[in-house]
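Welcome! Let's look at this model together and ask, step by step, what lies behind the words used to describe it.

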Number of protein chains: 2
Amino acid sequence: MRESSTRQPVPLPKAYRLLNHGPTVLVTSAHGGRRNVMAAAWNMALDFDPPKVAVVIDKSTVTRELVEASGKFALNVPARGIASHVLAVGRMSARELDVNIHENKFAAYGLQTFVGNDPELPHVEGCVAWLECKVIPEPHIENTYDLFLGEVTAAWADSRVFSNGHWTYDANTPSELQTLHYVAGGTFLAVADSFESHPTLINS
Amino acid sequence: MRESSTRQPVPLPKAYRLLNHGPTVLVTSAHGGRRNVMAAAWNMALDFDPPKVAVVIDKSTVTRELVEASGKFALNVPARGIASHVLAVGRMSARELDVNIHENKFAAYGLQTFVGNDPELPHVEGCVAWLECKVIPEPHIENTYDLFLGEVTAAWADSRVFSNGHWTYDANTPSELQTLHYVAGGTFLAVADSFESHPTLINS
């Protein structure tokens, strides 16, 4: 996968739009030479500027350990071309792999990575947007609900599907670039269609 | 809109699936004879069983006032058939309407409502799922981030698109029943396509 030519920075005040339509994301993390990736349908934008996000990271995951230790994570918005990898990443914990944890979840799933601004945080190729985030420490909700808040410090998107602050999906968009919206049991919904609407005031 | 024959209860442990794929929702609320509705792209599931949700409700909204006073809200998952209403609801605050606030935002937008378990909480017709929630009080994150957590106490979905715990979208689903995924500037993405995937272990 060669995407560097289509990967473009997204101005921070537009970064919320990368999550606004509710895609499933891959959460990547790194600390002390270890790296990991997990799938998370439970994520959302939380604020515009500075942009903030919220994401659920279960206590049982290696990702949780790395995020707590490093105070940072990245949200990668995967596209349909890597759906089978997203599903695999979501089903198997790094703890279940009986090889050294360093690098192995990426290698096991054939996920290629690159770095953005933070030299430690892996970004996943085959995604169409990437958001680097620093944790906003809120220990009570982290402990009680596994709920993590982050401030977005840098963002990028694939210019084939996001430009001028907007997703540009239409009938001509290759299906492998569609974002993924996980349902259950291996089934995703794909956003295949974009349409404009106009507000209606019935009684005006 | 007549939907009562297709509206079916959803078992609570499956309720998270109604939000799992990231739809934009309508937040409805009621207190002391006043009712309101607002659109919210920033929502997500937070837990399985008991099911919990998270949603951002801005301090400037009438919804915020009603939710804080009543300790409850409903999330309605609107479908494409009422996209123009969703857009209108999202753009105009009840405070901007120069008629009595009681009932008027629903009337102004031509939104029909019905009740579920809670006789006060309006549910919006033209939606394909409905979740009644009680606020889990977390004053710090409510005040700091406008972030509200809720426990789902009852849920329903339209059996034409959700059955046996799964969304059933396919090529034959009428477009007006597609869920809405808001982008910006009046543009929505519609989930038009469902597909199965299987986890891949490249190096296994």
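Q: Where is B:Pro50 found?
A: B:Pro50 sits in the loop of chain B between strand S4 (43–47) and strand S5 (52–56). Please keep in mind that this is a predicted model.

Q: What makes the peptide bond between B:Asp49 and B:Pro50 a cis bond?
A: Its omega is about 0 degrees, and the bond joining B:Asp49 and B:Pro50 is cis. In chain A, the bond from A:Asp49 to A:Pro50 is cis too, with omega near 0 degrees. A:Pro50 belongs to the loop between strand S4 (43–47) and strand S5 (52–56) of chain A.

Q: How confident is the predictor in chain A and in the complex?
A: Chain A has a mean pLDDT of 88, and 87% of its residues reach 70 or more. For the complex, the predictor gives an ipTM of 0.91 and a pTM of 0.92.

Q: What does chain A consist of, in helices and strands?
A: There are four helices and 14 strands in chain A. Of its 204 residues, 48% count as buried. Among the contacts in chain A between residues at least 6 apart in sequence, 67% join residues at least 24 apart.

Q: Why is A:Leu19 called buried?
A: A residue is buried if 20 or more other C-beta atoms lie within 10 Å of its own. A:Leu19 has 28 C-beta neighbours inside 10 Å, so it counts as buried. A:Leu19 is in the loop between strand S1 (7–9) and S2 of chain A. Leaving out residues up to four places away in sequence, A:Leu19 touches A:Asn43, A:Met44, A:Ala45 and A:Val53. A:Leu19 and A:Val77 are 58 residues apart in sequence, yet 8.1 Å apart in space, C-alpha to C-alpha.

Q: Why does A:Trp167 count as buried?
A: The cut-off is 20 or more other C-beta atoms within 10 Å. A:Trp167 has 25 C-beta neighbours inside 10 Å and therefore counts as buried. A:Trp167 lies in strand S12 (residues 166–167) of chain A. Apart from residues up to four places away in sequence, A:Trp167 touches A:His21, A:Val161, A:Phe162, A:Ser194, B:Val183 and B:Leu189.

Q: What is the phi of A:Asp146, and what is the phi of A:Asn164?
A: A:Asp146 has a phi near 60 degrees, a positive value in a residue other than glycine. For A:Asn164, which is not a glycine, phi is positive at about 50 degrees. A:Asp146 is in the loop between helix H4 (139–145) and S10 of chain A, and A:Asn164 is in the loop between strand S11 (162–163) and S12 of chain A.

Q: How do you know that the buried residues of helix H1 (residues 62–70) of chain A share a side?
A: These buried residues are A:Thr63, A:Arg64, A:Leu66 and A:Val67. They cover an arc of only 170 degrees around the axis, which puts them on the same side of H1(A). What covers them includes strand S2 (25–31), strand S3 (34–40) and strand S6 (72–78) of chain A. After H1(A) comes A:Gly71, with a positive phi near 70 degrees.

Q: Which residues touch the most other members of the largest nonpolar core?
A: They are A:Val53, A:Leu131 and B:Leu131, in a core of 135 residues. Aside from neighbours within four places in sequence, the contacts of B:Leu131 include B:Ala15, B:Leu18 and B:Val53.

Q: Why is the relation between the chains called a two-fold axis?
A: A rotation of 180 degrees, with 0.0 Å of shift along its axis, superposes chain B on chain A (RMSD 0.0 Å). That is the relation of a two-fold axis. The same surface serves both copies, as 98% of the contact residues of chain B recur in chain A. Among the residues of chain B, B:Gly22 comes closest to the rotation axis, at 1.8 Å (C-alpha).

Notes. Residues are numbered from 1 along each chain as its sequence is written. Chains are lettered from A and ligands numbered from 1 in the order in which they are written. This is a predicted model: local features need pLDDT of at least 70, side-chain atom pairs count only at pLDDT 80 or more; totals for chains, interfaces and linings use all residues. A residue is buried if 20 or more other C-beta atoms lie within 10 Å of its own, exposed if 12 or fewer, and partly exposed in between; C-beta atoms are placed from the backbone. Helices (H or I, at least four residues) and strands (E, at least two) are DSSP runs, numbered from the N terminus. The arc is that of the directions from the helix axis to the C-beta atoms. Two residues are in contact if their C-beta atoms, placed from the backbone, lie within 7 Å. A nonpolar core is a set of buried Ala, Val, Leu, Ile, Met, Phe, Trp, Tyr and Cys residues joined through C-beta atoms within 7 Å. Copies are superposed by least squares on the C-alpha atoms of residues with pLDDT of at least 70 in both. pLDDT is the predictor's confidence in each residue, from 0 to 100.
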